[in-house]
Amino acid sequence: MAGTFHFSLVSPERELFSGEVDQVDAPGSEGDFGVLAGHAPFMTTLKEGRIHVFVGGANHAYDIHGGFADVTPGGLTILAESAVEVA
């Protein structure tokens, strides 16, 4: 089991999500990618699409329109140009 890591999703208006997660899938500008605990650090731009956040068997989804993703040893931060939670 890979474990959990800290994830933050921030839009210009507010922070939409902050907490420990199992996995995050995001629409990278050079291809979709998934992040698990212990992922190698990298930074990329994001394209329009949907982020899936997996926490304890639940899937939270957010539609985003561009931005940046930064994976560090401390976790994943996504700064989205715009983001809205999918109901």
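This report walks through the overall build of the chain, its aromatic pairs and the surroundings of one serine.

A quick note on ground rules: this is a predicted model, where local features need pLDDT of at least 70, side-chain atom pairs count only at pLDDT 80 or more, and totals for chains, interfaces and linings use all residues. Residues are numbered from 1 along each chain as its sequence is written, and side-chain values use heavy atoms, with hydrogens and water left out.

**Overall build**

You're looking at a chain with ten strands and zero helices; these are DSSP runs numbered from the N terminus, with at least two residues (E) for a strand and at least four (H or I) for a helix. The radius of gyration is 12 Å, which agrees with the value near 12 Å for a compact globule of 87 residues (taken over C-alpha atoms; the globule rule is 2.2 Å times the number of residues to the power 0.38). Along the principal axes, the C-alpha atoms fill a box of roughly 30 × 25 × 20 Å. As for burial, 36% of the 87 residues count as buried (under 20% relative accessible area; exposed is over 50%, partly exposed in between, using a 1.4 Å probe and protein chains only).

**Aromatic pairs**

The structure holds two aromatic pairs. Rings of Phe, Tyr and Trp (its six-membered ring) pair if their centres lie within 6.5 Å; planes under 30 degrees apart count as stacked, over 60 as edge-to-face and the rest as tilted.

| Pair | Type | Centre to centre | Angle between planes |
|---|---|---|---|
| Phe-7 and Phe-17 | tilted | 5.7 Å | 35 degrees |
| Phe-33 and Phe-42 | edge-to-face | 5.3 Å | 85 degrees |

Phe-7 sits in strand E1 (residues 5-10) and Phe-17 in strand E2 (residues 15-21), so their pair ties together parts that are ten residues apart in sequence. Both Phe-7 and Phe-17 are buried. In the other pair, Phe-33 is buried at a relative accessible area of 15%, while Phe-42 is partly exposed at 24%.

**Around Ser-8**

Ser-8 is also worth a look: this residue is found in strand E1 and is buried, with a relative accessible area of 8%. Its side chain makes a polar contact of 3.1 Å with the side chain of His-6 (a pair of N or O atoms within 3.5 Å; within protein, one must be able to donate a hydrogen and the other to accept it, and residues adjacent in sequence count only if both atoms are side-chain atoms). Leaving aside residues up to four places away in sequence, Ser-8 touches Glu-15, Phe-17, Ser-18, Leu-76, Thr-77 and Ile-78 (contact means heavy atoms within 4.5 Å).
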